[in-house]
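Student: Can we go through this one together? I'd like to start with the rings and then move on to a helix and a few single residues.

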Amino acid sequence: MRAMKNIVILISGRGSNMEAIVRAARAQGWPGRIAAVISNRPDATGLAFAQAHGIATAVVPSKEFSSRAAFDAVLQQEIDRFSPDLVVLAGFMRILTAPFVEYYAGRMLNIHPSLLPAFPGLATHRQALDAGVAEHGATVHFVTAELDHGPVVAAAKVDVLPGDTEDTLSARVLVEEHKLYPYAVRLFVEDRLSIEHGLVRIDDARLAAITSI
């Protein structure tokens, strides 16, 4: 029997990926529990979902801090109250400082709405449409100090269709995110992930295929 792992999820808004992870963890019986959901915004609607599901919540209001470093220091203290094995960024709209990222190195995941390394940063769906690519998607990666450049765990693709807008493309990518992110988090809590020479290894090759989500 694997020891239960504590997962702390950070959100800034609705937290739809957080919802997907919570539901999957409970439905699939992961060896992990959502220990807390923390937001930098007190009005984040995802907090109500977490509370309704019996999950501890906390708010560290980013607007009350004069610097990123000061905010990150308090956020780290709040996260560590829940003894996390994994920190999950789920629509957490903050650029984190290098010391914070290094502290959680190898145990912090993010999902980015593009097929990295293509289109890092913001407005990824607009970037994809402007570039005229045939495929778009989402990527789960370990967080490093370089924005949207950490070792990739898994990715999911969607076709870019004629007449797509940012909204239609975003909606299709989000459907895939809600399958992809729980899949990646489950791999972590089941001890199936390792990082070797900057690349992610999935111990069970059968589970490496996105089609198995």
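**Aromatic pairs and other contacts**

Tutor: The count comes to four aromatic pairs, where rings of Phe, Tyr and Trp (its six-membered ring) pair if their centres lie within 6.5 Å; planes under 30 degrees apart count as stacked, over 60 as edge-to-face and the rest as tilted. This is a predicted model, in which local features need pLDDT of at least 70, side-chain atom pairs count only at pLDDT 80 or more, and totals for chains, interfaces and linings use all residues. Residues are numbered from 1 along each chain as its sequence is written, and side-chain values use heavy atoms, with hydrogens and water left out.

Student: Why is the pair of F142 and F188 tilted?

Tutor: The ring centres of F142 and F188 are 6.4 Å apart and the planes are at 55°, so this pair counts as tilted. The pair links distant parts of the chain, with F142 in strand β6 and F188 in helix α6 (residues 166-189), 46 residues apart. Helices (H or I, at least four residues) and strands (E, at least two) are DSSP runs, numbered from the N terminus.

Student: F142, buried or exposed?

Tutor: F142 is buried, at a relative accessible area of 3%. Buried means under 20% relative accessible area, exposed over 50%, and partly exposed in between (1.4 Å probe, protein chains only). F188 is buried too, at 12%.

Student: Which residues do ring pairs link into a cluster?

Tutor: F100, Y103 and Y104. The charged end of R107 also sits over the ring of Y103, 5.3 Å from its centre; the rule is NZ of Lys or CZ of Arg within 6 Å of the ring centre and within 35 degrees of the ring normal.

Student: Next, the helix. Which residues are buried in α3?

Tutor: F71, D72, L75, E78 and I79. They cover an arc of only 125° around the axis, which puts them on the same side of α3; the arc is that of the directions from the helix axis to the C-beta atoms. The ring of F71 has the charged end of R94 over it, 4.5 Å from the ring centre.

Student: What do the buried residues of α3 pack against?

Tutor: β1 (5-11), β2 (32-39), β3 (56-59), β4 (86-89) and α4 (98-103), with contact meaning heavy atoms within 4.5 Å.

Student: Where is K5?

Tutor: K5 is in strand β1 and counts as buried at 14% relative accessibility. Leaving aside neighbours within four places in sequence, K5 is in contact with residues including D85, F188 and D191.
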